[in-house]
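The sequence and structure come before the discussion.

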Protein chains: 2
Amino acid sequence: MREVFHQSLEDVQGRLVEIAELVTVAIDKATRAFGTSDVALAEEVIEADSIIDDKAIALDELAIEILARQQPVARDLRIVVSALRISASLERMGDIAEHIAQLTRMRFPERAIPKGLKSTFLQMGELDVEVSRKLTDLLRTEDLSLTDDIRNADDKIDDLHVSVFEKVLSDSWQGEASATVDATLASRYHERFADHAVSVAKKVAYLSTGDWTTSTDTIDVVAPA
Amino acid sequence: MREVFHQSLEDVQGRLVEIAELVTVAIDKATRAFGTSDVALAEEVIEADSIIDDKAIALDELAIEILARQQPVARDLRIVVSALRISASLERMGDIAEHIAQLTRMRFPERAIPKGLKSTFLQMGELDVEVSRKLTDLLRTEDLSLTDDIRNADDKIDDLHVSVFEKVLSDSWQGEASATVDATLASRYHERFADHAVSVAKKVAYLSTGDWTTSTDTIDVVAPA
């Protein structure tokens with residue numbers, strides 16, 4: 001039974017990695033599409049999101065089947081419950097990549113990135129892709145040092161998020177209301193994507209350390225001061 | 001054993017209702033504070049959010065304990081897993097109420113509601129409170145007719161969300177960039193709050209119908225067209 005459980009867990013882990021890889025492809029394409037107004041690339045992201053959703057549902061079904069058949073307790077049980085939570089966060093990260101792609105499609109043939117914020121959003125995009133790659137590696141290797149990398153990248157994204165608000169609220173901001181709306185939404189999406197990654201990383205860290213209570217809070221930069 | 005499980009489920013249900021009640025208080029206070037620039041009321045919401053977080057964590061612990069001790073299978077197992085998901089959504093709804101309160105606090109002594117959007121946000125706020133009340137009733141009574149009420153209110157909120165974007169993107173919009181940012185964020189928070197409620201309602205409906213696959217999708221209005 002123990003052997004069967006171990007195999008099931010490896011299956012769960014493999015599927016989480018697979019979903020994280022799809023999320024990484026999605027955020028990479030979405031942020032590149034956003035930066036270059038590439039509507040075909042944006043369409044690919046929008047099209048592919050249902051695959052992530054389906055895989056998350058299938059993983060949840062597997063986790064529930066494991067709970068039912070193998071009745072894990074203690075740490076084993078928490079691993080399976082954590083997998084359910086991680087799958088929900090990854091699914092949401094896929095949704096956010098899709099939102100960035102949708103912004104690109106809605107503005108096309110205009111640029112989705114407002115003037116004066118191009119380099120900021122390129123940086124945010126690259127950091128989100130980095131976060132997603134490291135998260136995939138963390139899920140694959142359980143190398144907890146990656147958690148620090150993810151947090152550090154998230155801190156940088158939070159700073160960039162604040163800088164977007166500073167920019168649009170400064171006297172020098174010439175953007176029309178639509179540019180202000182786009183900057184606000186796009187910045188929030190980029191920031192939330194990394195928040196979810198931090199939240200997943202905490203859950204993985206929890207599985208090693210047993211410190212469950214730290215797993216719900218994310219640092220969520222709400223709005224400009 | 002069956003009797004013990006039944007009592008445990010009642011405990012879980014009671015706690016979900018309790019958290020939903022706290023969320024209703026939070027969104028009611030947050031939207032009133034937002035409408036009247038009442039920073040003291042906003043502070044109450046911000047202060048109280050950690051109570052919701054703590055209760056959600058305690059509920060998760062109880063659910064895991066039930067899984068470990070009582071090893072439910074089939075529908076019983078799915079009820080417990082659903083409780084974990086519902087708790088996560090309620091916790092997030094509490095966070096969103098807090099975000100609305102934080103917007104109020106950040107703008108104080110200025111009004112957080114941008115000029116020209118007062119009645120729109122008052123309506124959105126009232127609808128969010130209604131959604132939260134109906135959701136609490138749904139969790140308490142399992143009266144699935146409430147699901148339709150929640151969906152209908154969510155549809156109205158989505159329409160208002162779209163109307164906020166139409167307003168700020170219209171030629172008549174006189175708001176500064178800060179008003180545009182506030183309108184964008186506040187509208188998104190109001191809209192997401194109801195989305196989460198719909199998602200919880202679907203999970204409750206699932207528990208009655210067994211249709212699991214409909215439980216992850218939320219209608220998420222991303223941005224203005």
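Contact here means heavy atoms within 4.5 Å, and helices are DSSP runs of H or I with at least four residues, numbered from the N terminus. The model is predicted, so that local features need pLDDT of at least 70 and side-chain atom pairs count only at pLDDT 80 or more, while totals for chains, interfaces and linings use all residues. Residues are numbered from 1 along each chain as its sequence is written, chains are lettered from A in the order in which they are written, and side-chain values use heavy atoms, without hydrogens and water.

In α3(A), Leu77(A), Arg78(A), Val81(A) and Arg85(A) meet Asp60(B), Glu61(B), Ile64(B), Leu67(B) and Ala68(B) of α2(B). The residues of this contact divide into 5 nonpolar, no polar and 4 charged, where Asp, Glu, Lys and Arg count as charged, Ala, Val, Leu, Ile, Met, Phe, Trp, Tyr, Cys and Pro as nonpolar, and the others, Gly among them, as polar.

The table sets out two helix pairs, with angles running from 0 to 180 degrees between N-to-C directions of axes fitted to C-alpha atoms over the stretch in contact.

| Pair | Angle | Axis separation |
|---|---|---|
| α2(A) and α3(A) | about 165 degrees | 9 Å |
| α3(A) and α2(B) | about 130 degrees | 10 Å |

Between chain A and chain B there are 4 salt bridges, a salt bridge being a side-chain nitrogen of Lys or Arg within 4 Å of a carboxyl oxygen of Asp or Glu. Arg85(B) and Asp60(A) join their side chains in a salt bridge, at 3.3 Å from N to O. Chain A and chain B each contribute 42 residues to their contact.

Technical notes: Helix = DSSP H or I, 4+ residues; strand = E, 2+ residues; numbered from the N terminus.
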